[in-house]
Amino acid sequence: MTRIAELLRALGARIVNTWIWRLGFACRFLWLTLKESGPSFRRFHLTIREIYFAGVLSLVIILVSGLFVGMVLGLQGYDTLVRYGSSEALGVLVSLSLVRELGPVVAGLLFASRAGSAITAEIGLMKATEQLSAMEMMAVDPIARVVAPRFWAGVISMPLLAALFSAMGVFGGYLVGVQLIGVDEGSFWSQMQAAVDFREDILNGIIKSLVFGIAVSWIAVYEGYDAPPTAEGVSGATTRTVVTSSLAILALDFVLTALMFRGQ
Amino acid sequence: MMTRKELDLWVGIFAVIGIGAILFLSLKVANLASFSAADSYRINANFDNIGGLKVRAAVKSAGVVVGRVGEIRFDNGSFEAVVALDIDGRYQFPKDSSAKILTSGLLGDQYIGLSAGGDSANLKNGDTLKLTQSAIVLENLIGQFLYSKAAEGDGKK
């Protein structure tokens, strides 16, 4: 009996000390970041610099993968649709799957591994080399000066990147479907326009990407700030950022999809 | 290290093409511009059975989309479905036009077909269509078919 109680106690201690404590700390950290966000907007060039690193430098990977995902969707979708004699619905299939799901989710995953990991490594290394402590010594709040601009840069960049991914994907589907396979161009666009709704599909996709942007940026800055100030600590934190953000994106995607598309 | 001007330029380009992508999705993919609810008028139609009709389904006349289904509700007085149709203000229909629920293809979406009548007065906002034809429910159709077959069989004996 005592052995089982001992095991349960160890498990409980582990859950409280690692997960719940960290979750609470992350929430307090988010609140602190939001509270200290004033300078990121008053001195907007701080945020612009971070948008460059998080957003502009992610452009190539987002655009190229969007194009290829769209082209693959075009090929696979045509292969299935042509069996039912409705290959004209290819535009609907490509655009709806991109705008509703693949655009926000894949762009979010790419953003987490391209920009989120860089943010964590940067903040973690700043902490390890005691730059953050040095800032505090000079009465500069590191959360206002370092963390908040990176957080807001991620939140601003993510919806733009997801929209670019979807647009590139639709273009890729058009290239393969219309130019390569020879689906009728008129019905490709008109069926797409008839099936895709602005509020139901486009706006919900933008909301999804905004939520993913907040989640990824939050996890990235938190893991960086919380990283143990060693080389191992920073590398572990970077890995955790990618793993946690990817899982968070997929889980949040399910919750958001369940809330948004209940099929009436 | 880049100068601040270069940085601003790149971020500006990023913002412009990002917003351009959102505009492309809204205008070209979702076709937001073609049908706005601002210049439409609403007419009602009562149906015994609407089948699988959904809100935002198309309203077509002669195959051309002239409006959308705005609202579907149940009238507890007459036990009928009341379907509100938002018709584009550019299209006018006579007062005695009729509406029926049709299906595009064998398994496609259901939509409302408007057939123009011969009245000289046109439908106005808030009018109700008098002539309607309900959706064809496949189960009822099969039931009727079986029933008539059975009746035929009885007659032969």
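E139(B) counts as exposed because 7 C-beta neighbours lie inside 10 Å (exposed: 12 or fewer other C-beta atoms within 10 Å; buried: 20 or more; partly exposed: in between; C-beta atoms are placed from the backbone). This is a predicted model, in which local features need pLDDT of at least 70, side-chain atom pairs count only at pLDDT 80 or more, and totals for chains, interfaces and linings use all residues. Residues are numbered from 1 along each chain as its sequence is written, while chains are lettered from A and ligands numbered from 1 in the order in which they are written.

**Position of E139(B)**
- Helix α2 of chain B, residues 138-156, contains E139(B).
- A C-alpha separation of 24 Å lies between E139(B) and S78(B), which are 61 residues apart along the chain.

**Fold of chain B**
- Chain B has 2 helices and 8 strands (DSSP runs numbered from the N terminus: helices are H or I, at least four residues; strands are E, at least two).
- The order from the N terminus is α-β-β-β-β-β-β-β-β-α.
- Of the contacts in chain B between residues at least 6 apart in sequence, 63% join residues at least 24 apart (contact: C-beta atoms, placed from the backbone, within 7 Å).

**Dimensions and burial**
- The radius of gyration of chain B is 24 Å, whereas a compact globule of 157 residues would have one near 15 Å (taken over C-alpha atoms; globule rule: 2.2 Å times the number of residues to the power 0.38).
- Along the principal axes, the C-alpha atoms of chain B fill a box of roughly 100 × 45 × 30 Å.
- Of the 157 residues in chain B, 20% are buried.

**Interface with chain A**
- Chain B places 20 residues in contact with 24 residues of chain A.

Terms used
Two residues are in contact if their C-beta atoms, placed from the backbone, lie within 7 Å.
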